[in-house]
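This briefing is meant to be read with the sequence and the coordinates at hand. It takes up one chain on its own, and then the contact between two chains.

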4 protein chains.
Amino acid sequence: MPIRLGENNYGKQRVRILLVARHADRHDIKELTLGIRLEGDFESAHTKGDNRKVLPTDTMKNTVYALAKQHAIESPEQFCLRLAEHFLSRNPQVSRVRVEAAQTLWSRLSVEGKPHPHTFTSSTSENHTVALAATREEKTLRAGIDGLVVLKTTDSAFENFPKDEFTTLKEDRDRILATAIRAAWLYRDNPADCDSTWDGVRQTLLESFAGHDSQSLQHTLYAMGGAVLKEFAGIREIHLSLPNKHYNLVDLSPFHFDNAKEIFLPTDEPHGLIEATLRND
Amino acid sequence: MPIRLGENNYGKQRVRILLVARHADRHDIKELTLGIRLEGDFESAHTKGDNRKVLPTDTMKNTVYALAKQHAIESPEQFCLRLAEHFLSRNPQVSRVRVEAAQTLWSRLSVEGKPHPHTFTSSTSENHTVALAATREEKTLRAGIDGLVVLKTTDSAFENFPKDEFTTLKEDRDRILATAIRAAWLYRDNPADCDSTWDGVRQTLLESFAGHDSQSLQHTLYAMGGAVLKEFAGIREIHLSLPNKHYNLVDLSPFHFDNAKEIFLPTDEPHGLIEATLRND
Amino acid sequence: MPIRLGENNYGKQRVRILLVARHADRHDIKELTLGIRLEGDFESAHTKGDNRKVLPTDTMKNTVYALAKQHAIESPEQFCLRLAEHFLSRNPQVSRVRVEAAQTLWSRLSVEGKPHPHTFTSSTSENHTVALAATREEKTLRAGIDGLVVLKTTDSAFENFPKDEFTTLKEDRDRILATAIRAAWLYRDNPADCDSTWDGVRQTLLESFAGHDSQSLQHTLYAMGGAVLKEFAGIREIHLSLPNKHYNLVDLSPFHFDNAKEIFLPTDEPHGLIEATLRND
Amino acid sequence: MPIRLGENNYGKQRVRILLVARHADRHDIKELTLGIRLEGDFESAHTKGDNRKVLPTDTMKNTVYALAKQHAIESPEQFCLRLAEHFLSRNPQVSRVRVEAAQTLWSRLSVEGKPHPHTFTSSTSENHTVALAATREEKTLRAGIDGLVVLKTTDSAFENFPKDEFTTLKEDRDRILATAIRAAWLYRDNPADCDSTWDGVRQTLLESFAGHDSQSLQHTLYAMGGAVLKEFAGIREIHLSLPNKHYNLVDLSPFHFDNAKEIFLPTDEPHGLIEATLRND
């Protein structure tokens, strides 16, 4: 038959879990949304409807809850590794497992300046992400940030770009620069403390964005990624995907007002998008 | 003709603006999304296609930018009042103006423990809202919060409820309670400092949620609203709309594990919804 | 105590159900998303944490499935009525029930020109909605449409509007008019055939939008609502909420091209919004 | 310096355009949302802030409108090809262009059984997509469908799957099967008539879904993709990404009702996901 099954995978997405650790003096919580994908010897399922090797996606979901109970969740990175190992060790037909996680960021509430033992708040726009690809031979573990929105009102220019017959953009020595940071970095080895590394990378990204004298978002992306690679020796490479969230100066001249970079129109579309991977060889 | 035009309004929605105040030592920013609606003598527009009284919604949008330039934006409350006054004073055909605003919450970035002069971060899930209805005779000004997500892992029960033939819910002495607070409160007069009142109401809502020994979300809603009314004499009434974001205990018995309130399934649907207005007479 | 509980309600939102009717020659399906709210004597729940009158929202959800099993779902209107009646007749503490429904519109697939017995397709952007408010004395039943997107490329103008110092909009004799129709109409009595009335109202709204020589969206709204009231004697009033989805002419003059109303920029924000209720007295 | 710039690209996303072709007897419309990405020699922009090779993303946006004016849009496929060719021929620093398009599907309204000359309706959940990657040497053109929701109430089973200690799923000989089809197929050459091929592939996907005696969603995916490859010789490969949208049987036993596969709970999360590429060698 000339029709050939190529790359294929299957699994369960949007598996949600909240873990409560009930200590004597306080409760801790972790909330994750997980996606699991298996690759392997599944040709007969496709071509013959033979399910004897098809671990149900419902079982994948159950496994999340069971392993969380057996071992708790130290970090999203460690839990993804545990899940991948479980599926690889139990299922010879599986050659590769991908596990993705997004951790909802809950903060402990402060009441009268003191941390509350069991109340938490969350703003859902930012996530701690993990993307793991694992075979029996090797593991590729990436941690990341999604939805970290940042804006600077100065120290950003875009000049000396090429012009053609369709150019209308003006050179700009002093513009607003805003983005929603999506970053993912590859660890050399399993890091000892994923959470403190994550906090450190996040702060480095923010500070390098703030402190950079930007000639373009490409220029700032490179500074941000470079700062992370310089500071964190355990990170081999970092990928940054940065939308250029345009804040356009409003033309007030019809009303006989100057606009001394005071009044801007925030826009969602169209938007620029700058993506690059930086490596520390 | 027996067909009669009843209640009607028109206006512009999703008008977005960012204001930058460029001080010598730092920049401040405010970002708002506005909605404006006019009511009044617009029958001939509907019935005859006569637009002589129809202030274009495009002009409403322009007015937002022009007034922001002329007067800056001290607070979203004050800016809504200014917009309403503008439309009422210029347009005799308008009898009532409604202005709604949602302020995007930007925080100044800290770099090495010090506030950065011109860099800000934002998580978009929580907004400072305003809803104003104004006629030439009276103004009703409400401020509010939208999307403030909060969760407590204990001090919440739901027991002694009525049972019928369709009841399957079990009595629960110790459950997770989680909601996304939507609140709107009515000021007696224009408050002197809207922003500090807003911060105070927010903290009161959070602390009363945390500290309450909850018998139901209704019970906690009443405690939260009551705490605000007791603390803020300038607030006449508060409306709370609280989804009951269910975190269901996962049944681990098929795997021969206990679940000592450790492993929960977060769900978005279905969800409970509890709404009430409390008044301080 | 000076704090008084005002208007309040509670219930369950986003209760989803699919019904399959398995006939010998074909299957029929109905999919609904329901919201249920109860009002009544719930003060002690708020003020004292006394749940003895609080029918759990979980039981409301169960009731949806149980009543669908017992009576099937002839139409979303009829099912909302049945639910309201159930809660009113069983719960003396309840004074008013509101039930809202959105029916997902599934179409039977055609295979080689013939209706398939058990396969359906759906585009989720348009819904058949119902909003019922019921007390023991009276019922207010509204049916509606949500998300019906429509666009005309001519027969639409907006001229002769008032100008002020903030006006920049140009008079336009021939513009694109586009909206996403949200309509809700009030039935005098329970209609005999809700589904065929709904189809008829939908077609009347579309045809009156298409055929109208529009001087404004207000003008077209009135024509659309009036056409429905004239054609359907069983409808007492109709509410229309019509966003003005702007398609702006792109300025091609910098590239030395004319734009003879050929190239437009679709925008989501800002947008106009026109709302009115029409009554047939 | 040990830090090396790896893969990188930049461009403009969410560029929206509506084209109106004004014929004597009728108007035709096409609405697209486009994304454009350039790859090439952009290292100095990243490392030195040198923008002399950085064609502004604003110019990319302008180019969309200008080329649409100059050449109209015969099909989204042809327009993506034209855009890629433009950027490659004008910008020696660019080595590869990717253009993605999603066409909003507008249908001409029928009024009294006749096609209306200038009014259209749209349901936004389904799109005609295009993904093009082009270098100066070769072009890879994929067309696709996104968001085509389909459900069958029978002829679907899932049995004989492996069980482990975390399995709770029951064997099911007769279940609901539902998915939202996302497909993308690779053309051998530029097809003569993209639109009629697209319509044909869509109908083939629907009919093969409906007619298949499904042992799993993998099994049905393979049947669907295989049917397309058999019927359309100009298609070299097809990728299908099919979420398994679970409709779970509601347990009515607590209410002493049977559920003879009548009452189901539609769920969005968690969901299965099955992906595969099929090739016609």
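The model is predicted. In it, 67 residues of chain B are in contact with 67 residues of chain C, and β10(B) pairs with strand β1 of chain C.

**Chain A by itself**

- Chain A holds 5 helices and 10 strands, and its C-alpha trace spans about 75 × 65 × 40 Å along the principal axes.
- Of the 281 residues in chain A, 47% count as buried.
- When contacts in chain A between residues at least 6 apart in sequence are considered, 63% of them join residues at least 24 apart.

**The side of chain B that touches chain C**

- The elements of chain B that give two or more residues to this side are the strands β1 (3–22), β7 (235–244) and β10 (271–280), together with the helices α1 (43–48), α2 (57–71) and α5 (217–231).
- Among these contributions, the largest share comes from β1(B), which supplies 14 residues.
- Sorted by class, the side of chain B that touches chain C has 24 nonpolar, 26 polar and 17 charged residues.

Technical notes. Residues numbered from 1 in each chain as written. Chains lettered and ligands numbered in written order. Predicted model: local features only at pLDDT ≥ 70, side-chain atom pairs only at ≥ 80, totals over all residues. Contact = placed C-beta atoms within 7 Å. Helix = DSSP H or I, 4+ residues; strand = E, 2+ residues; numbered from the N terminus. Nonpolar A, V, L, I, M, F, W, Y, C, P; charged D, E, K, R; others polar. Pairing = 2+ DSSP bridges. Buried ≥ 20, exposed ≤ 12 C-beta atoms within 10 Å, placed from the backbone.
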